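Hi,

Here is the structure I promised to pass on.

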There are 2 protein chains.
Amino acid sequence: MITASICTIGDEILIGQIVDTNSSAIARELQTIGVKVRYMLSIGDDRQEILQNLQLCLDETDIVIVTGGLGPTRDDITKDALRELSGSALYREDATQMEINERILSARHIPMLETNRAQALVPERCEVLPNELGTAPGMCFTGLGKSGKSVLYSIPGVPFEAIGLLPKVVASIKSRFPLEEISHRTILTFGIPESELAERIRDWEDALPASMHLAYLPNPTLGVRLRLTQVGGHTDFEPQVTELKQLLGNAVYGEGEDSLQHCIGQLLLKQGKTVCAAESCTGGRISALFTSVSGCSAYYMGSVTSYANEVKMGVLGVKEATLKAHGAVSEETVREMAAGVLQKLNTDYSVVTSGIAGPTGGTPEKPVGMAWLATAYRNEKGEISVTTKKVQFRSSREINIERFASSAINLLRLKILGAL
Amino acid sequence: MITASICTIGDEILIGQIVDTNSSAIARELQTIGVKVRYMLSIGDDRQEILQNLQLCLDETDIVIVTGGLGPTRDDITKDALRELSGSALYREDATQMEINERILSARHIPMLETNRAQALVPERCEVLPNELGTAPGMCFTGLGKSGKSVLYSIPGVPFEAIGLLPKVVASIKSRFPLEEISHRTILTFGIPESELAERIRDWEDALPASMHLAYLPNPTLGVRLRLTQVGGHTDFEPQVTELKQLLGNAVYGEGEDSLQHCIGQLLLKQGKTVCAAESCTGGRISALFTSVSGCSAYYMGSVTSYANEVKMGVLGVKEATLKAHGAVSEETVREMAAGVLQKLNTDYSVVTSGIAGPTGGTPEKPVGMAWLATAYRNEKGEISVTTKKVQFRSSREINIERFASSAINLLRLKILGAL
């Protein structure tokens, strides 16, 4: 199997100032095309460390992907180490990148300074992968390592530039290495815990053909993703996926890179319906999920974060008697919140939370991690039906909030599907 | 200077399924006590890779911190590699960890199975750092590497367990290595771009004593943090900090690990005042910031996300004529939103956003990345004063939203301070 190392360069990672998210984005891409990542390595802006460690990686793996170290104020260290490593004597100016840089700078009304010009210089023995999103190009160096066949890719460290260049890196890898054909299909589920899911699909999993492999990828916001993989030219997943969807029914909400909030948006667009939210313990998280989808204004009207009981009563119309008798975290309160916000914001659907995120607070009956969720629908006759659900998690404040929010919008999804 | 490597073990990192946040948390701690991190490395659950790479790290650095590879289903690979590396023939059961594990399992009503029992087994030549938050203990192995003086710490990969054990690791490092005494003081600023800040404090920076070093740490949510460091027993920052605060005035909002939302909460508590928010382009982010502070219900009443113009009018009382004449993204609209939400939610202060987060949309006059912010205050006589501000950023949708939200609550902070 073709192997790779991913190497990030930059003191800001080693002092813990920024978290390296590039490496995992690159790893996911490589995994998809059947390249095995053996190492991820972070080193500082130090010429000797760079030379020594990149050489080690090139000796050990077929592909080395380097990110970072190319900013306008310090490109000399990494780029010059790459020049030496690639056996280049000189630099050349890359015309394509120079053109892009002139375009970028003039759009930002920034004059072309010597430091900007230097960004388009590359070691002469290098193939350029032009970077449309920034001024430092991607570079590909070949014929390296003790095998004489290893390839090094250098891409900028700025995350959106690195991600933007990945398709070019992947295309280059595919053209240079004999990769085993590999296909994936990922089925997204929500609402069934991983262990229960495994139980429910055990017979199906046991009956998978030998060429097919299943992985469980759990995530508090996305639910449990089931990724099927086949190697060696097998690309048909249809019979297995059809059967899996039958087994799991409404727990399946989408495929691939989709999200709950995006799927819900698509369902609402199809029905021509609108939604709003009233949030207590999730404190704006549900609204942030909805508005993370570009174009959500077609179906998402807004929300009320009713942190204080006065807001629950004054804006959402929750009765004081209900709050007194049952408390803010109760089925009765979320029922009234769901109907109230739907009427106030005049939507077809609503989704609601009230719970105890922690880390402190709560009582034996209403412990930290407990929440009541609700979703309401108003039909053409103006009749409102509300569905509620109680959940109990045992995570940190932050993860509890994330799971309350995702569970609530999943309840909304089931309501839209008519399953509640 | 004492050097360290941080090594994470686990296939889930190499396939990009999870982002490694432990390494940067550990790096920040080590940086604080004057240990220089030379490498961060991620490798898979493979005995040979583990043995070979940990040996390399032990040969190259004084300290190696290993996270991960200790789950109940796979602890055999990493732990047994550590047993071999440390020259231990056998395992022993650690009584302290066993006691903790019995307590944890019985609290969760889980029977003690063989896999749980195995978690308290450690290589005999190891010092245990008991883990109160999980069943796998931290371990310390000494006398390793080619120097015969390197030390390896193994801690679990679950982030809150890893963070929980860090103080014990730090204490152990301090007791074993002659660290240069190092002191930090971090001043938090918001609202002045990094380049302008550097200009404004240049003379002050040039006059710093030779023992003192300054670092700029910019962050879209936290602003620019200025970290002062002194080594070798110098611990007095007072004269420099006092002068810096005079130079920067209200741009300084706090120190150390503080956040804008927490500082604002403290100011409101002191004044006995309350706040609410009305969000358009930030879609719930401001509310999520406020509610990330445990105990915020003492001053934070709630918010309205008025994504749709109908909500701006129906809930917040923005005039239709205003929206028609000036649009939703306008100074006039945010003024009405700020006064409207303050009255609706009956608070002393309000904070408001309306802008274009992108990635598409916008016009030449109102481009992507532009937003109007507002903050309002109602005094004892019931008079409402509103302050507005226009901002323009050039980031992704996600970062634009983050910067709109932080800039808006900073405007609120200045209003509370009476600076507007």
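Below is what turned up, starting with how to read the model.

This is a predicted model, where local features need pLDDT of at least 70, side-chain atom pairs count only at pLDDT 80 or more, and totals for chains, interfaces and linings use all residues. Residues are numbered from 1 along each chain as its sequence is written, while chains are lettered from A and ligands numbered from 1 in the order in which they are written.

On confidence: pLDDT is the predictor's confidence in each residue, from 0 to 100. Chain A has a mean pLDDT of 93, with 99% of its residues at 70 or more. For the complex, the predictor gives an ipTM of 0.81 and a pTM of 0.83.

Chain A splits into domain 1 (3–176), domain 2 (188–255) and domain 3 (261–416), with bounds from an automatic or database domain assignment. The centres of domain 1 and domain 2 of chain A, taken over C-alpha atoms, are 36 Å apart.

Now the sheet. Strands here are DSSP runs (E, at least two residues), as are helices (H or I, at least four), numbered from the N terminus; two strands pair if DSSP finds at least two bridges between them. Ten strands make an open sheet with mixed pairing, in the order S17(A)-S16(A)-S15(A)-S13(A)-S14(A)-S14(B)-S13(B)-S15(B)-S16(B)-S17(B). Its edges are S17 (384–392) of chain A and S17 (384–392) of chain B, each pairing on one side only.

Zooming in on chain B, S13 (275–279) and S14 (300–305) run parallel, joined by five bridges. Cys276(B) has Gly302(B) in S14(B) as its bridge partner.

Cheers
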